[in-house]
Amino acid sequence: MSTAVLFDRYGTPDELYATDLPVPSAGPGEVVVRYLAIGVNPIDWKILRGDLRAHLPLDLPGACLGVEAAGVVVEVGAGVRRFRVGDRVVRHGRPGTYRLHEAVPAAQEADELTAWPDRFDAEQAAVLPVAAGTAYSALRQVGLRAGERLLVHGASGGVGLATVQLALLIGAARVVGTGSARHHDLLRRLGAVPVEYGAQEAERLAELGPFDASIDCAGGLGPAGTAVRLVTEAARRVTIVADPAVQALGVPYLEHVPLELASTLDLIGHSPFELPIAARLPLSRAAEALALGEKGGLGGKIVLVPPTPGEAAPTPRQDA
């Protein structure tokens, strides 16, 4: 049997429940992956609330959250040549990773599995797709070049921390990032100039600007207005938060590039790169992890750890 965390109706994290399911079999063109670490992201609680049901419908009851994870291939289906049993992979894309085992399409065209680089442990590999991949697409969209100055709103979140590091790998002359004061030491260590949120934020950014490009990882009209004032070209601004008011102000919404994670890993290569893990919880405590993430302000990523083979199985919910 295999542990999974599911939900039967949209709502709060209280809707999540752990249960046991049969270990899936690999169909043609699929592999079965046993996950070792699972990333938690804002899209997870947005899906659970039903915010995205018009664009990302799920089969209820028995839907599963989670858009990133790292694990090991344990079965290979007919026709698969890309992976073998024992390969370490990163899964990304459609929801479904809040579980121990999953059958996943293995074709590169499906863009759901990428080889797990040896230099990263399971937790780091699991949190790369959303944070680092999104940062990479944002940097591509604004066309950041070596020697330029970048403004990052919300630099102490997962995507913001990845953006700072990738921008410096590209060769940015200066990266200025907004964030709460308790995360400033981290931002400095990663190479950014931190600016605290609050009343003096706009003035301080104006002193450090203008900027060649801006990436908004926080959302809201305040960061959008600042970006418009300090970055001349609209095409060199981007936000990762979908908000029609922000787009109307002149900050385009992010467009993800194809093969995003593979391209990100090519950029990182063997250079120093780290996404701090702010919290790790057992998979069975996924509801607690979602509530913690939605509260915000962690300065890093949240990871769920599935049970290892032989651990006690969860007690199925009786009212499901």
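User: What makes Asp111 count as partly exposed?

Analyst: This is a predicted model. The relative accessibility of Asp111 is 26%. Buried means under 20% and exposed means over 50%, with partly exposed in between. Therefore Asp111 counts as partly exposed.

User: Where is Asp111 found, and what is its phi?

Analyst: Asp111 is in the loop between β7 (101–105) and β8 (113–115). Its phi is near 55°, a positive value in a residue other than glycine. Most residues other than glycine have a negative phi.

User: Why is Leu259 called partly exposed?

Analyst: Leu259 has 33% relative accessibility, so it falls between the 20% and 50% cut-offs and counts as partly exposed. Leu259 is in the loop between α8 (244–249) and α9 (260–268). Its phi is positive too, about 50°, although Leu259 is not a glycine.

User: Why is Cys64 called buried?

Analyst: The relative accessible area of Cys64 is 7%. Buried means under 20%, so Cys64 is buried.

User: Is Cys217 buried or exposed, and why?

Analyst: Cys217 has 15% relative accessibility. This is under 20%, so Cys217 counts as buried.

User: What span does α3 reach, and what is expected?

Analyst: Helix α3 covers residues 128–142. From its first C-alpha to its last, α3 reaches 21 Å. The span expected at 1.5 Å a residue is 21 Å, and α3 is close to it. Just after α3, Gly143 takes a positive phi of about 65°.

User: What makes the bond between Leu60 and Pro61 stand out?

Analyst: The peptide bond joining Leu60 and Pro61 is cis, with omega about 0°. Most peptide bonds are trans. Pro61 is found in the loop between α1 (42–49) and β4 (63–64).

User: What is the peptide bond from Gly209 to Pro210, cis or trans?

Analyst: The bond from Gly209 to Pro210 is cis, with omega near 0°. Pro210 is in the loop between α6 (201–208) and β12 (213–216).

Technical notes: Residues are numbered from 1 along each chain as its sequence is written. This is a predicted model: local features need pLDDT of at least 70, side-chain atom pairs count only at pLDDT 80 or more; totals for chains, interfaces and linings use all residues. Side-chain values use heavy atoms; hydrogens and water are left out. Buried means under 20% relative accessible area, exposed over 50%, partly exposed in between (1.4 Å probe, protein chains only). Helices (H or I, at least four residues) and strands (E, at least two) are DSSP runs, numbered from the N terminus. The expected span of a helix is 1.5 Å times one less than its number of residues.
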